[in-house]
Amino acid sequence: MRLCADVGGSFIDIAAFGSDAQIRWRRKTPTPVGDWASFVAVLADAVQAVPTTMLSIATAGLVDPVDGIVTSANIPCIDGRPLARHLRDTLMLPVRVVNDADAFVLAEATLGAAQGHDRVFGIILGTGVGGGLVERGRIVSAAGGIGGEWGHGQAVHASPAGPSANPVFACGCGRRGCLDTIGSARGIERLHAFLHGDAADSIAITRAADAGDARARATVDYYCDLVGGPLAMLLHATSATIVPVGGGWPMPAG
Ligand SMILES: [Zn+2]
């Protein structure tokens, strides 16, 4: 069997599957974010429990395609490590590590909604904005592992010529106006507060919009307008023919 682990800032979700891609075994454990020995122990327990010849890991954070160094703000114990090499030396089996958004796009291109498409740009609209490009079944990597990350870089500009200026929010990366500040779940909440002065969570906003609430619908339309422009440019630049969308947030209709 093949063993796969989805390593996030909150949980490590591990599954084993056979050649038919059906999950045969699964275990979800809180991520010991600051303790390398405990982090390794979670994976070692899974390797003990399931006869396997390989461990594949999808992780939050960047994975440098050249030296395998992981950059992860949320999981300090793996930040700065050549994670695959360190785990291979400890667990004594081959280990592959990729960025979780890249893994999502590869899965959709291989087994999911994007089967049959040569070039797939998948996007994640969740806690943040992420993405990945897969061409003919292979992840397109870039220096530093930053390929497909379209959330940072100024996408929103103040527009004093309009009836009201677009909001330019500060981003966690240090810049202002990044797509991440308005395209994520927190982003639509910011836009809703900007338009209407209301505090509401992303799920409530999208549900209200789908139920016909005019103010929530205006927020969703504004969101789609601001996110749609950068996405259109990206699709033209990559020539992707399909865009699988992921993220733990129900997308607004339309
Ligand atoms: Zn940013």
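Guide: Below we go through some labels and the values behind them, for a model that is predicted.

Visitor: Let's start with the metal. Which atoms are the protein donors of the zinc ion?

Guide: They are ND1 of His152 plus the SG atoms of Cys171, Cys173 and Cys178, at 2.1 to 2.4 Å from the zinc ion. The cut-off for a donor here is 2.8 Å, so those distances qualify. Along the chain, the donors follow the spacing H-x18-C-x1-C-x4-C.

Visitor: What makes the arrangement around the zinc ion tetrahedral?

Guide: The angles do. Four donors need all angles between 85 and 135 degrees, and the four donor atoms here subtend 100 to 119 degrees, so the arrangement is tetrahedral.

Visitor: Why is Cys178 called buried, and why is Cys173 called partly exposed?

Guide: Buried means under 20% relative accessible area, and exposed means over 50%. Cys178 has 0%, so it's buried. Cys173 has 35%, which falls in between, so it counts as partly exposed.

Visitor: On to helix α7. How do you know that its span agrees with its number of residues?

Guide: Helix α7 has 25 residues, 214-238, and at 1.5 Å a residue these should span 36 Å. The end C-alpha atoms are 35 Å apart, so the two values agree.

Visitor: Where is the kink in α7?

Guide: At Gly228, shortly before Pro230, and it's about 30 degrees. Pro230 is also among the buried residues of α7, which include Tyr222, Tyr223, Leu226 and Leu234 as well. The cover over those buried residues includes β8, β9, α4, α5 and α6.

Visitor: And why is Ala232 called partly exposed?

Guide: Ala232 lies in helix α7, and its relative accessible area is 32%, so it sits between the 20% and 50% cut-offs and counts as partly exposed.

Visitor: What happens at the start of α7, and what follows the helix?

Guide: At the start, a side-chain oxygen of Asp213 comes within 3.2 Å of the backbone nitrogen of Arg215. After the helix comes Ser239, with a positive phi near 60 degrees.

Visitor: Is Met92 buried or exposed?

Guide: Exposed: its relative accessibility is 69%, and the cut-off is over 50%. Met92 is found in the loop between α2 and β7.

Visitor: And why is Leu87 called buried?

Guide: Leu87, in helix α2, has 0% relative accessibility, under the 20% cut-off, so it's buried. Leaving out residues up to four places away in sequence, Leu87 touches Trp36, Val40, Leu43, Ile57, Met92 and Val95.

Visitor: One last stop: what does the side chain of Thr52 reach?

Guide: A polar atom of that side chain lies 3.0 Å from the backbone oxygen of Met54. Thr52 is in the loop between α1 and β4. Leaving aside neighbours within four places in sequence, Thr52 is in contact with Met1, Arg2, Leu3 and Leu93.

Notes
Residues numbered from 1 in each chain as written. Predicted model: local features only at pLDDT ≥ 70, side-chain atom pairs only at ≥ 80, totals over all residues. Heavy atoms only, no water. Donors = N, O, S within 2.8 Å, 3.2 Å for Na, K, Ca; no water. Tetrahedral: all angles 85-135°; square planar, octahedral: opposite > 155°, others 65-115°. Buried < 20%, exposed > 50% of the residue type's maximum accessible area, 1.4 Å probe, protein only. Helix = DSSP H or I, 4+ residues; strand = E, 2+ residues; numbered from the N terminus. Expected span 1.5 Å × (residues − 1). Bend = angle between axes of the 7 residues up to and from the residue. Contact = heavy atoms within 4.5 Å. Polar contact = N/O pair within 3.5 Å; in protein donor to acceptor, adjacent residues only side chain to side chain.
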